[in-house]
Amino acid sequence: MGEQVLQARDVETDMGFGIPGKSPDLSPVDPRWPEYIEQRRIRITDARPIAGRLSLDREGIELHAHPVTLDDYFDQDAVANVLVPPTLDLIARLSGTPEVFLLETVVRAEPGLKRQRADLAANRVLSYAARAHLDGDETMFRDWAAHLLPATYPARYAAAPFAVYNIWKPIRRVENNPLAFCSAVSFTDADLVDAFSTGLDQSLTQDEYLPEQIRYFHLAHAPGQQWYYFADMLPEEAVVFKQWDSRPDHADRVAHGAFVDPASKPGSPPRQSVELRVIAFFPTSATDTS
Ligand SMILES: [Fe+2]
């Protein structure tokens, strides 16, 4: 008792899904994309009323307070100096290991914003990822970490258990194009469709890295998939969800995708959000403290 009663705002809407047997290897602007994606109507549960019961180890999704906000999320020094340190602290606390490293930060904004603003030439600004997908596989994340962290990358990390977390945080109150999350326990490998992308991002600076060819996955639609979102997210909040976890008996990955919320008011400010990908390495065994 005493628990605040929240009015759930579940949504029925369309989501793009992969098609079994059809693996794309296309640039983001290739006109053949519609051949590889099918729109399916899904129900997305507003997880606010049950947020306290979701777990990174079971569903792979948790909602957290993340009170650090910035005046300008395109200020890369502010991101690095103000936003990243408490986010790494959060993941160290949630994962239980202090060996956490930032892989990248990405700002998501309305399509075309980067082209309109010359001052964003050196920023990573992407539009919404409006398909049910996973970002990568174990090999890609290990290679990514090895490439990014040469000075701090102990040899044991090449085989150490690890998890990759995505910390997804609104820049302003989310009024449209929210992100939906498919519980890790509600789909299996049989629902995954291989996908590849080359030349994904032309906006990387010299300090950044993405593998030349990214292997990722689309989710094919299947009964029993459980989709969640958190209605009306605020900048002082963050969803933490698993991108990968190599440890057995832990939720390993969460499919996700942006969706059009039919309840969004026409003309509401476009969604802007920031995401940080963080890799956490775990001891290989209980006696391994190196
Ligand atoms: Fe993604």
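Colleague: Do strand 7 and strand 12 pair in the parallel or the antiparallel sense, and over how many bridges?

Modeller: Strands of a sheet pair through backbone hydrogen bonds, either parallel or antiparallel. Here, strand 7 and strand 12 (residues 237-245) are antiparallel, with 6 bridges. In strand 12, V239 is the bridge partner of W168. Two strands pair if DSSP finds at least two bridges between them. Strands (E, at least two residues) and helices (H or I, at least four) are DSSP runs, numbered from the N terminus.

Colleague: What should I know about the model before going on?

Modeller: It is a predicted model: local features need pLDDT of at least 70, side-chain atom pairs count only at pLDDT 80 or more, and totals for chains, interfaces and linings use all residues. Residues are numbered from 1 along each chain as its sequence is written. The protein has 14 strands and 3 helices.

Colleague: Which strand does strand 7 join through 9 bridges?

Modeller: Strand 14 (residues 273-281), and the two run antiparallel. Y165 has V278 as its bridge partner in strand 14. P170 stands opposite S273 there.

Colleague: Which residues point each way from strand 7?

Modeller: In a regular strand the side chains alternate between the two faces of the sheet. From strand 7, F162, V164, N166, W168 and P170 point one way. A163, Y165, I167 and K169 point the other way. Strand 7 (residues 162-170) has 9 of its 9 residues buried. Buried means 20 or more other C-beta atoms within 10 Å of the residue's own; 12 or fewer is exposed, in between is partly exposed, and C-beta atoms are placed from the backbone.

Colleague: Why is strand 12 called largely enclosed?

Modeller: Because 8 of its 9 residues are buried, the rest of the structure largely encloses strand 12. Strand 12 also pairs with strand 3 (residues 61-65), antiparallel, over 5 bridges. There, H64 stands opposite A238 of strand 12.

Colleague: What is the strand order of the open sheet?

Modeller: The order is 3-12-7-14-4-5, with mixed pairing across 6 strands. Strand 3 and strand 5 (125-126) are the edges, each pairing on one side only. Helix 3 (residues 138-148) packs on this sheet, touching strand 4, strand 7, strand 12 and strand 14. The direction of helix 3 makes about 105 degrees with that of strand 4. For such angles, axes are lines fitted to C-alpha atoms (for helices over the stretch in contact), and the range is 0 to 180 degrees between N-to-C directions.

Colleague: Against which strands do the buried residues of helix 1 pack?

Modeller: They pack against strand 3, strand 4 (100-108), strand 7 and strand 14. Those buried residues are V79, L83, T87, L90, I91 and S95. Just after helix 1, G96 takes a positive phi of about 85 degrees.

Colleague: Which residues touch the most other members of the largest nonpolar core?

Modeller: In soluble globular proteins, nonpolar side chains tend to be buried together. A nonpolar core is a set of buried Ala, Val, Leu, Ile, Met, Phe, Trp, Tyr and Cys residues joined through C-beta atoms within 7 Å. The largest one here holds 64 residues, and F181, L219, V278 and A280 touch the most other members. Beyond four places in sequence, F181 is in contact (C-beta atoms, placed from the backbone, within 7 Å) with residues including Y228, F241 and H256.

Colleague: Is D71 buried or exposed?

Modeller: D71 has 7 C-beta neighbours inside 10 Å, so it counts as exposed. D71 sits in the loop between strand 3 and helix 1 (76-95).

Notes
Two residues are in contact if their C-beta atoms, placed from the backbone, lie within 7 Å.
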